[in-house]
Amino acid sequence: MSDKLVLGGKEFESRFILGSGKFSLDMIKAVVEDGGAEIITLALRRANVGGGENILDYIPENVTLLPNTSGARNADEAVRIARLSRELGCGDFVKVEVVGDNKYLLPDNAETVKAVEILAKEGFVVLPYMYPDLYTARDLVNAGAAAVMPLAAPIGSNKGLCTKDFIKILIEEIDLPIIVDAGIGSPSQACEAMELGAAAVMANTAIATAGDIYQMAKAFGLAIKSGRLAYLSGLGRVLQDSGEASSPLTGFLQD
Amino acid sequence: MPEEISIMDEVLDLYNKYDFNEFTSENVETALQKEDLDFKDFAALLSPAAEPYLEQMAQKAQRLTRSRFGNTIAIFTPIYISNYCENQCVYCGFNCKNKIHRAKLNIDEIEKEYKAIAETGLKEILILTGESRKASDIEYIGDAVMLAKKYFSLIGLEIYPVDADEYKYLHEQGADFVTVFQETYDTETYKKVHLAGKKRIFSYRINAQERAILGGMRGVGFGALLGIADFRHDAFSVGVHASLIQKKYPHAEIAISVPRLRPYINSKNENPNEVHEKQLLQVICAYRLFLPYAGITVSTRERKNFRDNAANIAATKISAGVCVGIGGRGEEEKGDEQFEINDRRSVDEVVSSLHDYGLQPSFNEYIRLI
């Protein structure tokens, strides 16, 4: 059965998106291969021309780049960074990140919508990072986003699906791929997100801070596949604690 | 501006709030178990009672640093463009009463230095001057910043404190970060060690970070010169000051430097407030645990092995290929140094050391949007 992730008209076999920001550069290739990721995000500020090692030299050629606008504090800055990314030859994909709080790094939903609207009109395939809010998600659809990327927990926290119930609402209500981004701390959490019906999961810190980084990349790859398979299979029913009542309330019905 | 005064007042009110000798191991253990530390937890980690817990503090600091900043350590270099100074700070080599070689680079000389630095691959630069408006006025510094844009993506300033509109001007020329060391938050000691010059005005200095942010700067740096007064009180005040600024201006990037008093020219006096490496590391770890989001810079005052290990635990930025005199890269050094440095490694040597620790040196953490 064909089950591909489609973003901006491009098809991907893998539903594992790797964040690159927290690895040593010489690890990236092996992590991509072990995890089976086909998309890798990178902060454009790190791919800027000149100065020491360039992250672009370490990313395998068959992997799709998803440059992000990290460092942007408002829509205007995000738009400028995205345009710079295109000029630098990083392609048309862009993950919009607008963060106005340097302590918790939570996304600014209102500014994110503004940036998406401008960039989508300019032909970018825009994947916005957002706080899982239904109204914002609808605005992002209308603004032309190619997917919606709600956070599971504060970035880098490894706390897992803290926003699970709200992500579920987005999965049910929004007709775009919902990619769970930020806060996923273990393969079981990635698997759970996929079982819920997430289109993909992004991970970075959970792998970069693991004891064996390469094994953990592999574990994430397997968990994401497993969760996807479970979602497609349809999860079995869960019995309530009390089981089924022996004196049914509807037993009085006659004709 | 009343709000400005309130941050200073809050920092000063808290200066003597805790007696660091009264903390117990229980206070330290409580602080170590918490995720969000309050002022009391932070003070406990700076206290003598925390010294036996230094390894645990370092372990936790490393975890927090890696999860927030990954493996990356930013590398930059400072450039001193003038060492004329109107202040008389008893601990500093640039003290206006010191008989040292004074010099100021002209714009051509500055460009030669920039070129020499750019050839090492660095993209981040910190422009420093002595604190003399007369010798190094705002336009002179602005011209140096404007020229730096040609070669570097991130430009920081460590100059005398200025007004918000002057910070705005310097930001428009291309500078994004401003560091101002308060030196000490003990107002009595502050008066005693700053004998003359505009620096004597404590309030103008302590409010500099706020003016820099209001002028549009993206980030601000803080620091006390540990060892001038009681280092625990001073380190505590740095953390309090930085956290209050962050709370009021959540978009601003916050960085902390950890200079400690080192031997300087024309002084042979013993320092009664000496800060040893063990205590310096305790301060660094306490900063990390209290402010997981703050950048931490360790200067070349420290030896290379200390700096590399600090980077492995909690520091996020270190300098390389450092000259603290005036000139000395593109051409002959024209003016004397501010302090003695202990780590003279080139950029390549620092890069290779960081690789040995499994860390990722980065020259490029920034896109300038001005």
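How many residues of chain B are in contact with chain A? In this predicted model, 26 residues of chain B are in contact with 27 residues of chain A. On chain B, the elements that give two or more residues to this side are helix H4 (54-69), strand E8 (253-257) and strand E11 (360-362). The table sorts the side of chain B that touches chain A by residue class.

| Class | Residues on the side of chain B that touches chain A |
|---|---|
| Nonpolar | ten residues |
| Polar | eleven residues |

Now let us look at chain B as a whole. Its fold has 14 helices and eleven strands. The radius of gyration of chain B is 19 Å, close to the 21 Å that the globule rule gives for 370 residues, so this chain is as compact as a globular protein of that length. The C-alpha trace of chain B spans about 60 × 45 × 40 Å along its principal axes. Of the 370 residues in chain B, 56% count as buried. Among contacts in chain B with a separation of 6 or more, 77% come from residues 24 or more positions apart.

Next comes the interior. In soluble globular proteins, nonpolar side chains tend to be buried together. Here the largest nonpolar core has 197 residues, and those touching the most other members are Val126(A), Ile179(A), Ala198(A), Val201(A), Ile127(B) and Ile284(B). Helix H12 (residues 277-290) of chain B gives the most to this core, with nine residues.

Leaving aside residues up to four places away in sequence, Val201(A) touches several residues, including Phe16(A), Ile17(A), Val180(A), Ile184(A) and Ile224(A). Arg15(A) is also one of the residues that Val201(A) touches.

Notes:
Residues numbered from 1 in each chain as written. Chains lettered and ligands numbered in written order. Predicted model: local features only at pLDDT ≥ 70, side-chain atom pairs only at ≥ 80, totals over all residues. Core = buried A, V, L, I, M, F, W, Y, C linked by C-beta atoms within 7 Å. Buried ≥ 20, exposed ≤ 12 C-beta atoms within 10 Å, placed from the backbone. Helix = DSSP H or I, 4+ residues; strand = E, 2+ residues; numbered from the N terminus. Contact = placed C-beta atoms within 7 Å. Rg over C-alpha atoms; globule rule 2.2 N^0.38 Å. Nonpolar A, V, L, I, M, F, W, Y, C, P; charged D, E, K, R; others polar.
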